Amino acid sequence: MTKTIVLSICLAASLLSLDARAQDTLTRDALAQNDRQYTDGPVTEVNYVQVEYGHFPEYIDWLNSTWKPTMEAMKKAGLLIDYKVFQASPKSADQPNVFLYLTFKNMATYGGDIGDKGIEAEYVARKVIGSTEFQNKKRVERTGYREVLGTELIREVILK
């Protein structure tokens with residue numbers, strides 16, 4: 001009889017322990033979802049460009065004739081949700097005076113230069129601009145009056 005009582009107590013204690021662990025797991029999962037006071041928003045690639053003095057109209061012509069139609073085609077293909085061009089007054093000669101923003105729905109649609117999305121973006125650019133060789137030739141020509149200083153990837157944080 002004593003054995004039965006001891007076994008019953010041990011069984012009850014182990015069931016309480018399992019229930020407590022299950023509750024702890026549920027609580028942890030709920031906290032992980034509810035503790036985060038934000039959700040991940042769109043991802044934006046920011047390109048920093050320095051256009052040489054006196055060449056801004058030439059660069060704007062290229063943006064209007066080639067870059068904008070390519071961005072519109074990428075939007076139509078579902079690769080991009082928005083794009084913008086900003087002009088800035090740099091504090092020094094080594095800072096950008098033009099910012100190009102490309103906004104993607106999320107990191108998966110960003111894709112960068114690799115993966116399926118990068119290949120899709122290259123295909124769209126070929127349809128709009130021409131062959132990769134032609135695009136590279138035009139890039140080299142633009143280096144005469146503009147320099148890409150860098151690229152940064154930022155993600156919007158949507159507060160709850």
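Is Tyr59 buried or exposed? Let's start there, and keep in mind that what we have on screen is a predicted model. Tyr59 comes out at 1% relative accessibility, and buried means under 20%, so Tyr59 counts as buried.

The protein chain has five helices and four strands. If you walk along the sequence, you get the pattern α-β-α-β-β-α-α-α-β. There are 160 residues in the chain, and buried ones make up 25% of them. Now, how do the contacts run? Take the contacts between residues at least 6 apart in sequence: 72% of those join residues at least 24 apart.

A pair of aromatic rings is described by two things, the distance of the centres and the angle of the planes. How many aromatic pairs does the structure hold? Six. One of them is Tyr59 with Tyr145: the centres sit 6.3 Å apart, there's 70° between the planes, and the pair is edge-to-face. What I'd like you to look at is where these two come from. Tyr59 is in helix H2, residues 56-76, while Tyr145 is in the loop between helix H5, residues 132-142, and strand E4. They're 86 residues apart, and the pair links distant parts of the chain. Tyr145 is buried too, with a relative accessible area of 8%.

Here's another pair to find on the screen. Phe104 and Tyr110 have ring centres 5.2 Å apart and planes at 75°, so this pair is edge-to-face. Both of those residues are buried.

And there's a bit more to say about our opening residue. Ring pairs link Tyr59, Trp62 and Tyr145 into a cluster, so to speak of Tyr59 is to speak of Trp62 and Tyr145 as well.

Last stop, the surface. Which residues form a nonpolar patch there? Tyr38, Val157 and Leu159 do, and together they have about 300 Å² of accessible area. Leu159 belongs to strand E4, which covers residues 146-159. With 68% relative accessibility, Leu159 counts as exposed, because the cut-off for exposed is over 50%.

Notes
Residues are numbered from 1 along each chain as its sequence is written. This is a predicted model: local features need pLDDT of at least 70, side-chain atom pairs count only at pLDDT 80 or more; totals for chains, interfaces and linings use all residues. Side-chain values use heavy atoms; hydrogens and water are left out. Patches are made of residues with over 30% relative accessible area and no salt bridge: like charges are joined within 9 Å, nonpolar side chains (Val, Leu, Ile, Met, Phe, Trp, Tyr) within 5 Å. Accessible areas come from the Shrake-Rupley method with a 1.4 Å probe; for residues, only the protein chains shown count as cover. A salt bridge is a side-chain nitrogen of Lys or Arg within 4 Å of a carboxyl oxygen of Asp or Glu. Helices (H or I, at least four residues) and strands (E, at least two) are DSSP runs, numbered from the N terminus. Buried means under 20% relative accessible area, exposed over 50%, partly exposed in between (1.4 Å probe, protein chains only). Rings of Phe, Tyr and Trp (its six-membered ring) pair if their centres lie within 6.5 Å; planes under 30 degrees apart count as stacked, over 60 as edge-to-face and the rest as tilted. Contact means heavy atoms within 4.5 Å.
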